[in-house]
Amino acid sequence: MVPNLPSGYVFALKACYKEGCIHPVCKNGKPANDSLWFPGGPSIQYLPFPVPDPKRPWGAKECDKCSGICSGHYKGPEEVLAVDNCNLSKASISPPSTVIKDAFDKKQKECLELTSDEIEKLAKQTLLRTDEVEMWVRHLSDVRKHRQAGAQKASAKRKENSLKKKSSKAAVDTPDSWCICGGPECGDMIACEHKDCPIEWFHFQCVGLSTAPSGEWICAQCKVAAMENSPQ
């Protein structure tokens, strides 16, 4: 496995040719010449990845390919090969969508929005126009709102079903207070799937989550209650 590849690559394998390696390719020994993508082409270890061109930076006012202010350009593959032979150890650039989403998610966890200065910083980092970054941010915001609306609808349905089953139990509705921290609704949140959970909604960071788990999720409080109530 080749380490430090951009997120766009799933994996890349290459022979190690170390003494004692059991792989058939390594057993045959290292070839005299490196394997090439094609005759006269770059080494098989070469993987194309974007490298910003310092001669055509973001914000340049004079660019033969852009009208108005330039949002920057990347070097061509021949230029990259000529500079560093595309060493894989340097292939660590994430695609613009990942860079913007990471920044967006970080601000959401802090219950904050990206500022205009942060938008411009992201534009420079990804070589996009500021309006393009703003478009990405609006898209991410819309996706989050749709997910939250769906989660709230599912929560309301579960509460309705719970009230029907336990009409004697007073329903506690605290729309402005959530989670074990008692804080407001913000950032990434997850609902406990236990039908009688007294809290129901939790902030990712408060329950030690960084991404949404697959399948059913039960909070620690409900897990303890379930074990205490289970027959011995």
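The largest pocket of this predicted model has a volume of about 680 Å³, where a pocket is an open set of points on a 1 Å grid over the protein atoms alone, points at which a 1.4 Å probe fits, with protein on both sides within 12 Å along at least five of seven lines. Grid points are joined across faces, edges and corners, and the volume is the space filled by probe spheres set on the points. The pocket is lined by 28 residues, of which Arg147, Asp188, Met189, Phe204 and Ala212 are the closest to its centre; a lining residue is one with an atom within 4 Å of a point. Two or more lining residues are given by each of α3 (96–109), α5 (130–165) and β1, and α5 supplies the largest share, 9 residues. By class, the lining comprises 14 nonpolar, 6 polar and 8 charged residues, with Ala, Val, Leu, Ile, Met, Phe, Trp, Tyr, Cys and Pro counted as nonpolar, Asp, Glu, Lys and Arg as charged, and the others, Gly among them, as polar.

As the model is predicted, local features need pLDDT of at least 70 and side-chain atom pairs count only at pLDDT 80 or more, whereas totals for chains, interfaces and linings use all residues. Residues are numbered from 1 along each chain as its sequence is written, and side-chain values use heavy atoms, with hydrogens and water left out.

The secondary structure of the chain comes to 6 helices and 2 strands, in the order α-α-α-α-α-β-β-α from the N terminus; helices (H or I, at least four residues) and strands (E, at least two) are DSSP runs, numbered from the N terminus. Of the 232 residues in the chain, 28% are buried, where buried means under 20% relative accessible area, exposed over 50%, and partly exposed in between (1.4 Å probe, protein chains only). Among contacts with a separation of 6 or more, 47% are accounted for by residues 24 or more positions apart, a contact being defined by heavy atoms within 4.5 Å.

The largest nonpolar core has 14 residues, and Cys192, Cys197, Phe202, Trp217, Cys219 and Cys222 touch the most other members; such a core is a set of buried Ala, Val, Leu, Ile, Met, Phe, Trp, Tyr and Cys residues joined through side-chain atoms within 4.5 Å. At least two residues of this core come from each of β1 (189–191) and β2 (201–203), with the largest share, 3 residues, supplied by β1. Leaving aside neighbours within four places in sequence, Trp217 is in contact with Ile190, Ala191, Cys192, Glu193, Phe202, Val207 and Leu209. Apart from this core lies another, of 12 residues, which include Val99, Phe104, Leu114 and Ala123.

The structure holds 0 disulfides, a disulfide being a pair of cysteine sulfur atoms within 2.5 Å. The sulfur of Cys16 is too far from the closest cysteine sulfur for a bond, because that atom, in Cys21, is 3.7 Å away. Cys179 is likewise in no disulfide, the nearest cysteine sulfur being that of Cys206 at 3.6 Å. With regard to accessibility, Cys16 is partly exposed at 41%, while Cys179 is buried at 7%.

In general, most residues other than glycine have a negative phi.

Not counting residues up to four places away in sequence, Glu113 touches Lys107, Gln108 and Glu118, and the C-alpha atom of Glu113 is separated by 9.6 Å from that of Val137, 24 residues apart along the chain. Pro42, in the loop between α1 (24–27) and α2 (77–84), is instead buried, with a relative accessible area of 15%. With residues up to four places away in sequence not counted, Pro42 touches Ser35, Leu36, Trp37 and Leu81; the C-alpha atoms of Pro42 and Glu78, 36 residues apart along the chain, are separated by 9.8 Å.
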